[in-house]
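Thanks for coming, everyone. Please bring the structure up on your screens before we start.

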Amino acid sequence: MNNKKSIRIYKSDSFDDIDDTIVAVPILMECDKDEDFSEGVEKVGDTLPILPLRNMVLFPGVAMPVIAGRSKSMRLIRNAVLKKMMIGVCCQTDSTVDEPGFDDLYHVGVIAEIMRVLEMPDGTTTVIIQGKKRFSLKSLTETEPFLVGKIEQLEETRSKKTDREFEALASTIKDLTIKMLSSTMDPPRDLIFSIRNNQNILYLINFSSCNVITDAAIKQELLSINDLKDRAYRLLFILNREYQLLELKASIQMKTHEDINKQQKEYFLQQQIKAIQKELGGDNINDIEVAELRGKAKKKKWTKEVGEVFEKEITKLERLNPQSPDYSMQVQYVQTIVNLPWGEYSKDNFNLKRAERILNRDHYGMDKIKERIIEHLAVLKLKKDLRSPIICLYGPPGVGKTSLGKSIAEALNRKYVRISLGGLHDEAEIRGHRRTYIGAMAGRIIENIKKTGTSNPVFVLDEIDKVGNDFKGDPASALLEALDPEQNERFHDNYLDIDYDLSKVMFIATANNLNTISQPLLDRMELIEVSGYISEEKMQIALRHLIPKQMDFHGIQKEKIGFDKQAVRLIIDSYTRESGVRELEKKIAKVMRKIARRIASDEKAPSVITTEYIREYLGAEEYTPDKYQGNQYAGVVTGLAWTSAGGEILFVETSLSKSKSPKLTITGNLGDVMKESAVIALEYVRSHADAFGIDESMFESRNVHIHVPEGAIPKDGPSAGITMATSLVSAFTKRKVCKNLAMTGEITLRGKALPVGGIKEKILAAKRAGIKYIILSEENKKDINEIKAEYLKGLTFRYVSDIADVISYALLKETAKE
């Protein structure tokens, strides 16, 4: 065996006190295909001189140079060369130990032959050694003049020559070894050629393990594997991992290099564009944009703090390359600051009569809200500087809550803006996104303030009761700051990141149901109820607003068509059932379409729309108005109910039947609260049977069935309590109920009559049904006093405090026939 001709040795930066370490170009040995490199090891006994190496692991068949510096190592080499004997080579576990013992060495080493000793020009000695066979170090028998150890030779387990898998494995290792050497260094061509043509699989595996792997611990792990095929698989895994790491490093370096080149190219091109524009007498696009923004900024009435932020951001914009992705984001932010109406307010019109005239022109009724706006305008006229109120208008759909905002804005001579909060889930929609996010923008409040151009618009927050919340945050909580008069002068938008004064903005929120609004938010708003309209109000709204509006919308001249009042009343009573006028407007629009078709077809159109035309255009009547049904039956009492469409009357019916096991049955699609009212009413009547003249034995022999008609409609609430109690007493005593009487109120086990809500709507429903007498709780008297006298005309009220009063008013001495 002969050494490869060229050996290139690279030393470390310093070899002071560091020996037995070398970095070298691999020495490739010429060998036969089936050679196992164990020639001469049979002469080796069970003891052998041990040469410790630092950070180097020798493999059988592999030759490598070693720089010897320690005195013991020099003595061992001289003795081995003199006696022409083989030595044992073991790697140290810790390279910093100068006098290694048994525990400082790996216990699997390689029997080696000293092939050449070279005296180097710098005075060091380089020894070229070749591995022969692996051994296991059992112990150290001598430490002077050099280390001598007791060994046991280890046999290699080799695969059969016919193992095709092993051949493929070796071929893969060969290819990967060449790639690794080519990636980490510039190997000579003859070295690559020799590796590619070497057919000895044992040598190839050991050569790669020794020269391609850099970690001594991993090399030692490979040397310790007895089965050559297992060693090959482990080697392939390590080579693949190392090669992928090399490719990743190369890719990172390439990308970095490309980015630097791209930036340099863009810089030079930008400089050339500037030079060309300068020669043409023009200015840079960036300079023009910055100049425009600075020009707008000079006209702004912002505070010193805002001016400092603007100057900081515009300076940052000047430094940015217009081709940079951050440039457009920075421009958008600076434009947002500049376009906001800092300190700009529209001048309020303090003419109270004009404001009242506008409000009355656009909306019929709504006296409370109109009065509140006039009061605010009056105080503002006197004080000149007043924080705007936060008003919440709540009531059923279609009563004009949203449209009222426009009229208020016109009355105050302010800009109008509206945002719909229905279905809003993201807090960022209110507060804005932080600028770190791609596509960030200001929240809806700041964006709409920017659109109006003033800092004191009338700002309608529509459907505030329908705000949702999920993992993106709670928008209702974000509204707390905006709607708090004590905080909103320093409203903080996440995108703007500058406090903005909202104290002069008049916020008007609208809602259908207060129960879904959080209590902290309710506390910050002034609640004003906008209740439903009665038929008379709907009549006026239709004649004054809806009909003229739809005529204009459908291109019909007002002089040609007129509406009979009875026709309008028919639409209200028989074709709509609502608190507001939204459905009424749709029905009027349908009538207008029929008339427009006749006019467009040159057919004769009626000059006055009567009830006959309404039935022709709208078809059969959709609703039958609730009517009082008389008092000929015992146990049937008329109650009053509130719905989202307004008030209604309902009938509570009680029937008794003989039974050996009496029970209470409740039907009519009633909710839990209404069922509880029925149970309480029965218990009260039973416990006071003597007072009402009822035979107690009837409770032991009669089934009681309470029913509320229209079972398809869900019903709930406590307001039918006194009605049920009256119905039960009437059924047990057979006494007639007073004619044209209705009632509403909650009942307790002590027989107290408690107040309920929705009084106005209930009274209007009673009046429509022909009711003349109404029984209410004493505490509801205050609600009656707030209702206009014209709505109460023709009604007589009886105020009660307990069920005994109710029975004395409601039941006659006369007995019913059925």
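I'll go through a sheet, a few helices, some aromatic rings and some backbone details.

First, a caution. This is a predicted model.

Strand E9 covers residues 390–394, and strand E14 covers 506–511. Five bridges join them, in the parallel sense. Find tyrosine 394 there. Opposite tyrosine 394 stands alanine 511 of E14.

Next, strand E11, residues 458–462. The loop between E11 and H15 holds glutamate 463. Its phi is near 55°, which is positive, and this is not a glycine. Most residues other than glycine have a negative phi.

Move on into helix H15, residues 475–482, and you reach glutamate 481. Here is a charged residue type to check. Glutamate 481 has a relative accessible area of 12%, so it is buried. What does it touch, beyond its neighbours within four places in sequence? The contacts are Arg431, Gln487, Asn488, Arg490, Phe491 and His492.

Now helix H18, residues 565–574. Its buried residues are Ala567, Val568, Leu570, Ile571, Ile572 and Ser574. What covers them? The cover includes helices H17, H19 and H20, along with strands E16 and E17. Look at the start of H18 too. A side-chain oxygen of aspartate 564 comes within 3.2 Å of the backbone nitrogen of glutamine 566.

On to the rings. The structure has ten aromatic pairs. Take tyrosine 203 and phenylalanine 207. Their ring centres are 5.9 Å apart and their planes are at 35°, so this pair is tilted. Why are they about one helical turn apart? Because they are four residues apart in helix H4, residues 201–211. In an α-helix there are 3.6 residues a turn, so residues three or four places apart point the same way. Tyrosine 203 is buried, at 1% relative accessible area. Phenylalanine 207 is buried as well, with a relative accessible area of 1%.

Ring pairs also build a cluster. It links Trp302, Phe310, Trp342 and Tyr500. One more ring to find: tyrosine 333. The charged end of arginine 435 sits over that ring, 3.6 Å from its centre.

Last, the backbone. Where is the cis peptide bond? It joins glutamate 144 and proline 145, with omega about 0°. Proline 145 is in the loop between strand E7, residues 125–142, and strand E8, residues 148–153. Most peptide bonds are trans.

Asparagine 669 has a positive phi, near 60°, and is not a glycine. Its loop runs between strand E20, residues 664–667, and helix H21, residues 672–687. Asparagine 669 is partly exposed, at 39% relative accessible area.

I'll finish with glycine 794. Find it in the loop between helix H27, residues 789–792, and strand E27, residues 796–800. At 59% relative accessibility, glycine 794 counts as exposed. How far is glycine 794 from glycine 770? They are 24 residues apart in sequence, and 9.5 Å apart in space, C-alpha to C-alpha.

That's my tour. Over to you.

Definitions and conventions. Residues are numbered from 1 along each chain as its sequence is written. This is a predicted model: local features need pLDDT of at least 70, side-chain atom pairs count only at pLDDT 80 or more; totals for chains, interfaces and linings use all residues. Side-chain values use heavy atoms; hydrogens and water are left out. Helices (H or I, at least four residues) and strands (E, at least two) are DSSP runs, numbered from the N terminus. Buried means under 20% relative accessible area, exposed over 50%, partly exposed in between (1.4 Å probe, protein chains only). Contact means heavy atoms within 4.5 Å. A polar contact is a pair of N or O atoms within 3.5 Å; within protein, one must be able to donate a hydrogen and the other to accept it, and residues adjacent in sequence count only if both atoms are side-chain atoms. Two strands pair if DSSP finds at least two bridges between them. Rings of Phe, Tyr and Trp (its six-membered ring) pair if their centres lie within 6.5 Å; planes under 30 degrees apart count as stacked, over 60 as edge-to-face and the rest as tilted. A charge sits over a ring if NZ of Lys or CZ of Arg is within 6 Å of the ring centre and within 35 degrees of the ring normal.
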